[in-house]
Structures are given as C-alpha cells and as structure tokens.
Amino acid sequence: MDSAAIDRFEASRGRLASLAYRLLGSAADAEDAVQDTFLRWQATDRERIGVPEAWLTKVVTNLCLDRLRSAQARHERAVGAWLPEPLLEGDPMLGPADTFEQRESVSLAVLTLMERLSPVERAAYVLREAFSYTHAEIAGILDITESASQQHVHRARRRVTAERRGGEVDPASARRIVEEFLAAAMSGRTERLVAMLTADATAVSDGAGLARRLLRYRTRERIASYVRAGFKPTPAKRRLVGGSLAMHIALVNGSPAVLAVVDDRVVGVVAFEVSDGNVASLHGIAAADRLARLNEAWQQHEPHAPVINAW
C-alpha cells in the first residue's frame, strides 16, 4: 500500500475509533474493528472508491454490527455481566464532544442504555446523535431507507430519553457533589446518602469484578447500603486489592467518578450521573480487563491530590 493511502486512512482513524467505541462500548473491541477496517482498506481497489471517508465509515459500522450480532457477543451481553469500558478524560475515543448530544452519547449511563436497542437502532442513533449524519447518509451506511433511518433514530431516542436519569452539570459542581457523597459514605451516615440520591436513582456494579452477574439496586435505601458497604474499609478488602487505597476524583466518560488507586494502579471506578444537585445513577466497575486502557492513561495523567489518601 502506498503512503498516500496509509495517510488517508490514518487521518480517519480517530473518528472511526470513536464511532466503533460508541457502537461496541469497548475500547479493545473498537480498536480491533478499526484494524479490520484498515485490512479491508488495504485489500480493496481504492481507485473505485469515490468518497474514502464514507466508505471507511460504512465498513467500520458494519463490522461493529457483525460483532454485536455475533453469538458470542449476544451471550456475553445477555448473561447480565456486561458493562461499558470506562475511559479517562482526554481519551481520543471520547470525541467528538462539542455538543451535549455528542458528550451524552459516550456517558456510561447512555452506553449502558443503548444495550437495550437493536444493533441497527444503536448504529442509526450514534451516527445521527454523535456524528450528525443525515438520514440519507445513514441509509447508505446501513443499507436501509431514509424513512427506516428516521424510525430507528426516533425509537432509539425515545427509549434512551425515557430511561436517562442524569443531566449535564458543570465539572466543579459535579465534583463538589461527589466529594460530599464520598464523605457521607465514609462517615457511615446512610441517611445523608439517601438524601443525596434522586427519587428514581439506580446503581449497577460488577461486584468488585467478582460477580458473575451485574448487581443492580433500584431504591435509595438499597443504593445507600451498597455504597456504604462498598466504601467501608476492611482488612479483607485491602488484601483483595493489594494494599491501602487512595481515592481520587476524575472525569470518566464525561462524568465525575471516584477512582480507587493502589500504587498508581486504578483498581476500581464508581462513575456518577448527577441531576439537579443529586446523584441519579452510579456505575461501579472493577474488572481488571475493563480498566486496562484507563490504567494506561492514568499512568500518564497528572491527577489532583486524592480526596482520601489512605483507606
């Protein structure tokens, strides 16, 4: 392959990876899909491609759809043990992030909600909301009609909006709310935790990376108990994670999050969705394979001082 063809692909790599991540919810799978797209780009007769960006977008989208439809993916996601892979602020896969819709489409809450969509609905929604493709362009990418594209986007938007609990909040306010929530959790004051949760708050956790199925909590009292138990330090927990934890607050997928760190290694993430000054949802992720890319970024990150230095 000539250098011009490689350069053309590399100019699109970041956008393709961002699209694939939103479709798959996994940075590792997104990278695989982009690499497979490159191999097809390498093997095709590029002289017959009128608009390379459109061709590349169609290929990576359909490769992602194939992955979502595969028997293995359906099994992994159906057994109830799947959560999106969290990404640290600044990760290029989180872009574009110019509009609220673009930022929302990559939040852990929305990535989780999109699991309820069919693969085609998910693709149409992401292409429209995050990348501003027209319905005519989406129809060409997905080999459907414009009318079908409109219907898929409408259904997807309705389902996501109906279940969406958080809203956009400025980082300083979000950090303050998370600091207060963490302080309440560490103090054992569950009544304060309950007061800081919205009436319809939810929480989901992978059980410190050990649970075979996701743990879900749907009442404020149960969420408060889960949070209090999770943040309560014990010798057994220190042995499990390999030492004493430091707690940092950072942005993960655009939302405030508490990062549990041992010897500069992130061993757990609790991401918060905030609405009207209260916590609307929490996502707890500790499975090591889900934190690999975030850990790579953390090693090169200059974090703020921990809010809790020795747990």
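Okay, let's start with a term: a residue is called buried under 20% relative accessible area, exposed over 50%, and partly exposed in between. Keep that handy, and keep in mind that this is a predicted model.

So, take Glu163. Its relative accessibility is 28%, so Glu163 counts as partly exposed. Glu163 has a partner, Arg116, and the two form a salt bridge with the closest N and O atoms 3.6 Å apart. Where do these two sit? Glu163 is in helix α9, residues 146-163, while Arg116 is in the loop between α6 and α7, so the pair ties together parts that are 47 residues apart in sequence. Arg116 comes out as exposed, because its relative accessibility is 51%.

The structure holds twelve salt bridges in total, so let me show you a few others.

Is each partner buried or exposed, or something in between? Arg157 is partly exposed at 35%, whereas Glu129, at 13%, counts as buried.

Now over to helix α10. There, Glu179 and Arg175 form a salt bridge, with the closest N and O atoms 3.1 Å apart. They are four residues apart in the helix, which means about one helical turn separates them. Glu179 is partly exposed at 32%, and Arg175 is partly exposed as well, at 25%. Helix α10 covers residues 171-187, and Pro171 is part of it. Pro171 is exposed, with a relative accessible area of 53%.

There's also a network of salt bridges, linking Glu31, Asp91 and Arg293.

Asp2, Asp7, Asp45 and Glu47 form a negative patch. Asp45 is in the loop between α2 and α3, and is partly exposed at 42%. How far is Asp7 from Pro171? C-alpha to C-alpha, they are 36 Å apart in space, and 164 residues apart in sequence.

Let's finish with two buried residues. Thr37 is in helix α2, and counts as buried because its relative accessibility is 0%. What does Thr37 touch, leaving aside neighbours within four places in sequence? Its contacts are Phe9, Leu16, Leu56, Val59, Val60 and Leu63.

The other is His135, in helix α8, buried at 16%. Not counting residues up to four places away, His135 touches Arg128, Glu146, Ser149, Gln150 and Val153.

Terms used: Residues numbered from 1 in each chain as written. Predicted model: local features only at pLDDT ≥ 70, side-chain atom pairs only at ≥ 80, totals over all residues. Heavy atoms only, no water. Patch = residues over 30% accessible without salt bridge, like charges linked within 9 Å, V, L, I, M, F, W, Y side chains within 5 Å. Areas by Shrake-Rupley, 256 points an atom, 1.4 Å probe, with all protein chains shown as cover. Salt bridge = Lys/Arg side-chain N within 4 Å of Asp/Glu carboxyl O. Lys, Arg positive; Asp, Glu negative; His and termini not counted. Charge placed at Lys NZ, Arg CZ, Asp CG, Glu CD. Buried < 20%, exposed > 50% of the residue type's maximum accessible area, 1.4 Å probe, protein only. Contact = heavy atoms within 4.5 Å.
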